[in-house]
Every structure is written in C-alpha cells, then in structure tokens.
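Thank you all for coming. Please have a look at the structure on the screen, and then I will walk through how its parts meet.

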There are 2 protein chains.
Amino acid sequence: MPRRSQSEMAILGGLSMQPMTAYALREAIKDVLGHFWSESFGQIYPALSQLEQQGLVTRSHASRPGSSAYSVTPAGLERLRELLSEPVVETPPRHGLLLRLFFGRILGPGQCRELLLTARAKAERRIAEYEAIERKVREEDAGSPDLPYVLITLSSGIHGSRAQIEWATEALALLGDQTSAGNHPPRPKESQP
Amino acid sequence: MPRRSQSEMAILGGLSMQPMTAYALREAIKDVLGHFWSESFGQIYPALSQLEQQGLVTRSHASRPGSSAYSVTPAGLERLRELLSEPVVETPPRHGLLLRLFFGRILGPGQCRELLLTARAKAERRIAEYEAIERKVREEDAGSPDLPYVLITLSSGIHGSRAQIEWATEALALLGDQTSAGNHPPRPKESQP
DNA sequence: GTGTGCATGTAATGAGTTACATGATTAC
DNA sequence: GTAATCATGTAACTCATTACATGCACAC
C-alpha cells in the first residue's frame, strides 16, 4: 500500500482501457480522470520504464518514429487487479477554502462571503461540465462494459458539487447574506433554530 | 501562493486562537482542523523557528522547563490576514476510491459494491462525529466570535458526507443492489434540526 | 520557414511524512 | 519505579511537480 503503487494503478488502468503512448496517457489522465486524479510527466515516464522492466507492460512501435505505444500484458492485468483490491490510501486533507473560513474571524465576513460565492459559482460550473460529459459518454460509450463505472464517478462529482452549493448557500445565510457590495457590520445571529 | 505558506497560515491561525506549545499546536491541528487540514511535526517545528526569526511569533517560557508557548505578534496577525487573503491553492486530486471504481470493470461488481458499502458506512460515522462536535461547540463556545466560522466548516463536512451517502446508495442501485444491508430510503429534504 | 502539437526524457526542487533520538513530568 | 504522555528537534526518505533540453511532423 505504498503511495507509489497508486501511480502504477492509474497507469495500468489507463492502458488497460486502451494502449497508447506515454504522452497520450498523461493527456487521458488529465482529461478523463482529471476530476479525481492527477499524474505528472515526472511520474509517468519513470514508472512506465519500471513497469516495462517488470514485464507488466510492453512497448510496440507506433506509427511515428520515436514514439511507442504501451499496452498491458496479462501479468500487468493481474497486477492491476491486485492493486485495485488493496485498501484505499487516504491522502492527508488539505482544504484551503475551509482553512480560510475556519479563521474567518480574522478575515472578516465580507471576504468570507466572497470566498463562498466564488466556491458556489465554481461548483455550478463543475456540475454543468459533468453533465455535459455524462451526455457524451452515454451516447458514445453506450453498451460499453465501462459505462456504468464511468457514470458512477461522474455521479460522485455531481453529488459533491451539489452538496457544496447547498452548503455555501447555507453558510452565506449564516453570515447574514446581503448580496450588496456595501459594508455591513456583522449582525449577531439569533440562536439557531 | 507557494504551498509553503499554507503551513504558515495554519500555524499562525491556530496560535491566533490561543497561544500554545508546538506539541499542543499539532494536537489541535489534528483534532480540530483534522477533517480538512493536516500538518506533521516535521513541518511545524522548522516553520515555527522561521516564524520566530521573522518576528511573527514569540516564545514565552511556559510552566514547564524545556517547553515554550508560542503566541502571535501584531506583525504575525498582519501576516496571517495577508495569507488568508491570498487565493486558495488547489491541491491536485488523488481520490483512491473513485480511481478504483473507474476501473470497476477490472475489479468486478462484487468488490465495487463492497467499496461503496464501506465508503457509505464511513460517511455515516463521520456525520455522527460532526454532529457530536457541533453540539459540543455550540455549548462551549456559545457567544464566541469564532463560533459561526467553526459551524460553517462543520457544516461542510456534514453536507459532503450526506452527499456521499446518497451517491453511494445510487451507485449501489446502479450496480444491481441485491444486498440491502442497511436500508437507505431517499432522505426527505428537511430543515436543519 | 515557422509555429503548434506530439513525443520523450532528466534534473532540480520542494513538499511532507516518518522514524529516530532525547528527555522531562505525571499518574499509577 | 515504570509506563504513558508531553515536549522538542533532526535526518532520511518518498513523493510529486516543474522546468529544462531535445527533436519530429505537419499545417499554414
């Protein structure tokens, strides 16, 4: 369960869906897994060489000289299954927005409101993105055995974003939601219902 | 914007609420900010020495010899305000559960279901924790100017967890939920308790 | 012929965790 | 007295990002 093998998992998983070059793999991770995963070049290239040495992937010469497409070997698929079965590694949380709001007394209600409005707007944009992708994959990948799983990860994003919108709205109300730019002193709230 | 200053922010913020030793600060970050922030010893001690050199915190001899409590200087408070105003640093996502589900075809529906059930159970436990903390702070910190901000961060956790429960339930249904271990009928939207 | 995109890789750098070494104090 | 907790600090290590160096191919 070292963190290292998390990258391995993403790489083998990506290649298991479709053989491709390292460059394309990185693009795919950015575009497709982007909402919940990230890998950089500095990870992917060394990891691929290592996977090749272990016989978990093979490189075959692609159309263009100098470029090579990787694909997963049967042993690699076995390894992937193994990795996927390992317990989820929890990454230590680092939620900058919440940290700022926690110290909101220092920052003042005005700036806190701005932070919340921005976060809400972002969440709204994210939902639109997710729904667009959902429509796309439902059409393009109709019938694919991967489709339900792709939909599940998308759904997670949508649920999370919706929750953030509700939360931000509630928090704004708690801070005394005047949507004007004017400076209002923090009116003490009545005891919460 | 450098990530480094994120630790500074957490440290100054923590000390701004109450002067304490480095050890106590770490405990506080673990217990109080734990849901959305983390710092380790290896970060805190060097950062504190640096902050002291910059005159942003001062150490005063505490009750016990060999231990010293830190408190924020006026300059430190100014710096904190500055840091809090800087744009939120987005950390690259690394969501192990979603990665596994995305490759769910490899893992198979059975193991995916298990993952979802575990995630849902965890979210339920988290909600109970948050609600316990909420009751506690409403009582202990009643009237404190920090209270509304603490409640906002707690509320974020509760909303997020509720969303995860709903998502997991939906996903389980999508995968063909035979095991109704723990019945989760759609929760009617209600005003807060 | 030049800019953009595809493609590969290495080096520098920094962030952050963990383990270790050390010792005082408190509780039993 | 001894175990647990409080307390401080450093060193080693891992993980990951970013910048850099390089070059081909294709469109305009």
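This is a predicted model: local features need pLDDT of at least 70, side-chain atom pairs count only at pLDDT 80 or more; totals for chains, interfaces and linings use all residues.

**Where the two chains meet**

If we turn to polar contacts, 26 residue pairs are found across the interface of chain A and chain B, with both residues at pLDDT 80 or more.

Which parts of chain A supply the side that touches chain B? At least two residues each come from α1 (4-17), α4 (74-85), α5 (96-102), α6 (104-107), α7 (109-140) and α8 (147-174) of chain A. The largest share of that side, 15 residues, is supplied by α8(A). Sorted by kind, the residues of chain A that touch chain B are 37 nonpolar, 21 polar and 11 charged.

Now to the extent of the contact. In general, the size of an interface is often given as the accessible area lost when the parts come together. Here the area buried between chain A and chain B is about 6400 Å², and carbon and sulfur atoms give 66% of it. Within chain A, the residues that lose the most area to chain B are A:R94, A:F102 and A:Y149, which together make up 14% of what that side buries. Counted in residues, the contact takes 69 from chain A and 71 from chain B.

How are the two chains related? Chain A is superposed on chain B by a rotation of 180° with 0.0 Å of shift along its axis, and the RMSD is 0.0 Å. That is the relation of a two-fold axis. The same surface serves both copies, since 100% of the contact residues of chain A recur in chain B.

Finally, a look inside one chain. Chain A is divided into domain 1, residues 3-85, and domain 2, residues 96-180, and the C-alpha centres of these two domains of chain A lie 30 Å apart. Over all chains, the whole structure holds 18 salt bridges, and one of them links A:K30 with A:E27, whose closest N and O atoms are 3.9 Å apart. Why are these two residues about one helical turn apart? A:K30 and A:E27 are separated by about one helical turn because they stand three residues apart in helix α2 (residues 22-31) of chain A.

Notes:
Residues are numbered from 1 along each chain as its sequence is written. Chains are lettered from A and ligands numbered from 1 in the order in which they are written. Side-chain values use heavy atoms; hydrogens and water are left out. Contact means heavy atoms within 4.5 Å. Buried area is the accessible area (1.4 Å probe) that two parts lose on being put together, summed over both. A polar contact is a pair of N or O atoms within 3.5 Å; within protein, one must be able to donate a hydrogen and the other to accept it, and residues adjacent in sequence count only if both atoms are side-chain atoms. Helices (H or I, at least four residues) and strands (E, at least two) are DSSP runs, numbered from the N terminus. Ala, Val, Leu, Ile, Met, Phe, Trp, Tyr, Cys and Pro count as nonpolar, Asp, Glu, Lys and Arg as charged, and the others, Gly among them, as polar. Domain bounds come from an automatic or database domain assignment. Copies are superposed by least squares on the C-alpha atoms of residues with pLDDT of at least 70 in both. A salt bridge is a side-chain nitrogen of Lys or Arg within 4 Å of a carboxyl oxygen of Asp or Glu.
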